[in-house]
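Good morning, and thank you for coming. Please have the sequence and the structure in view.

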Amino acid sequence: MELYGKTLSELEVFAQSEGLPRFSAKQMTDWLYRKHATSLQQMTNLPKAVRQRLSEQHNIGLTPPLKVQQSADGTKKYLFGVDNHFVETAYIPDRERATLCVSSQVGCRMGCEFCATGKQGFQQDLSANQILNQLRSIPEFESISNMVFMGMGEPLNNLDEVLRATEVLTAPWGMGWSPKRITVSTVGLIPPLRRFLAESRCHLAVSLHTPFADERAAMIPAERAFPIADVVAEIRRHDWSGQRRVSFEYTMLHNVNDTPRHIAGLQQLLGGLECRVNLIGLHPTPESHFSPTPTADMIRFRDTLTAHGITTTIRASRGLDISAACGLLSTAEQHKTK
Ligand code: SAH
Ligand code: SF4
């Protein structure tokens with residue numbers, strides 16, 4: 001068994017099954033998440049014979065990346081091997097902050113039109129170990145200030161493992177991060193969204209891309225099962241007066257979702273909700289027929305929405321020279337191995 005990524009309660013069950021006292025689980029979380037042990041042998045407050053026995057069958061389970069690509073702007077893209085597949089992790093430094101964009105699945109079931117991951121189809125869920133390994137096994141590990149679940153996969157389609165990973169990140173026995181440092185992004189799957197809102201304190205991002213149901217269904221098939229109006233109604237029911245935030249991702253597609261009609265639609269959908277809209281420049285993918293909105297039009301769209309009372313920002317496009325749109329690098333790698 002791989003110990004990295006296990007929660008305290010899972011390690012308590014593990015300790016019991018190994019005939020160890022309950023408090024040894026806490027000793028293990030200290031070694032794993034505070035002292036950053038890389039082998040079971042380093043856990044020197046466990047008796048030597050116990051370490052020996054555990055090492056024969058179990059390991060910490062850290063796997064270094066197979067590859068790294070570095071962009072001229074400092075962004076890096078790591079490629080990890082997961083069984084026979086590949087997942088991508090983006091490291092995005094920005095002055096005093098450094099954001100890590102992690103994957104939650106290999107591929108994705110959602111099939112969104114402009115997304116390279118969606119075009120791969122679904123391969124498998126990542127375990128909490130495989131999610132956290134993307135953070136722990138890169139050289140920048142200790143400098144990461146924020147983590148976003150905006151890599152490959154739909155995190156709410158793998159919520160158990162995502163919640164395990166965020167528990168390890170935020171628990172006092174774990175890495176002790178504030179949940180404000182973590183954002184989980186979703187197309188808006190309502191049943192797991194309810195659970196995420198109830199059980200987690202991490203920020204939420206919803207991939208919106210257009211306020212209109214018919215247009216959204218053409219880009220995001222999940223719209224048919226979970227209409228955006230229902231998703232927003234669910235979000236409005238939650239209390240956002242504390243420190244937790246909700247944002248809406250809006251990838252700008254030229255002459256598709258960047259018109260005055262869309263500004264009016266966004267006002268109608270989001271008016272009065274404490275939220276932020278993040279405009280994202282499209283990273284063109286080989287299979288999509290969309291083109292990116294020019295920067296000047298993006299700025300105008302942002303300023304008009306903000307003037308209408310909807311806080312809007314533009315997310316700087318980073319790493320365009322290193323296939324930074326998630327899914328592109330792993331797709332290329334998959335083709336090589338075929
Ligand atoms: N599955 C989740 C999280 C991963 S995708 C979700 O969809 O929210 C993270 C974000 O990247 C989403 O907002 C998605 O719409 C956006 N995205 C996907 N492909 C893109 C591309 N080619 N260019 C720009 N943004 C893209
Ligand atoms: Fe999946 Fe998100 Fe890509 Fe849609 S945009 S296919 S939900 S990863």
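Nine residues of domain 1 touch 11 residues of domain 2. Please bear in mind that this is a predicted model. The domain assignment of the chain places domain 1 at residues 8-57 and domain 2 at residues 67-337.

How much area do domain 1 and domain 2 bury between them? The value is about 810 Å², and 53% of it lies on carbon and sulfur atoms. Within domain 1, the residues that lose the most area to domain 2 are Tyr33, Arg34 and His36. Together, these three account for 60% of what the domain 1 side buries.

Let us turn to the individual contacts. Between domain 1 and domain 2, four residue pairs are in polar contact. The rule also finds one salt bridge across this interface. In a salt bridge, the side chain of Glu10 meets that of Arg164, at 3.0 Å from N to O.

Which elements give two or more residues to the side of domain 1 that touches domain 2? They are helix H1, residues 8-17, and helix H2, residues 23-34. H2 provides the largest share of that side, with four residues. Sorted by class, the side of domain 1 that touches domain 2 holds three nonpolar, three polar and three charged residues.

Thank you for your attention.

Conventions. Residues are numbered from 1 along each chain as its sequence is written. Chains are lettered from A and ligands numbered from 1 in the order in which they are written. This is a predicted model: local features need pLDDT of at least 70, side-chain atom pairs count only at pLDDT 80 or more; totals for chains, interfaces and linings use all residues. Side-chain values use heavy atoms; hydrogens and water are left out. Domain bounds come from an automatic or database domain assignment. Contact means heavy atoms within 4.5 Å. Buried area is the accessible area (1.4 Å probe) that two parts lose on being put together, summed over both. A salt bridge is a side-chain nitrogen of Lys or Arg within 4 Å of a carboxyl oxygen of Asp or Glu. A polar contact is a pair of N or O atoms within 3.5 Å; within protein, one must be able to donate a hydrogen and the other to accept it, and residues adjacent in sequence count only if both atoms are side-chain atoms. Ala, Val, Leu, Ile, Met, Phe, Trp, Tyr, Cys and Pro count as nonpolar, Asp, Glu, Lys and Arg as charged, and the others, Gly among them, as polar.
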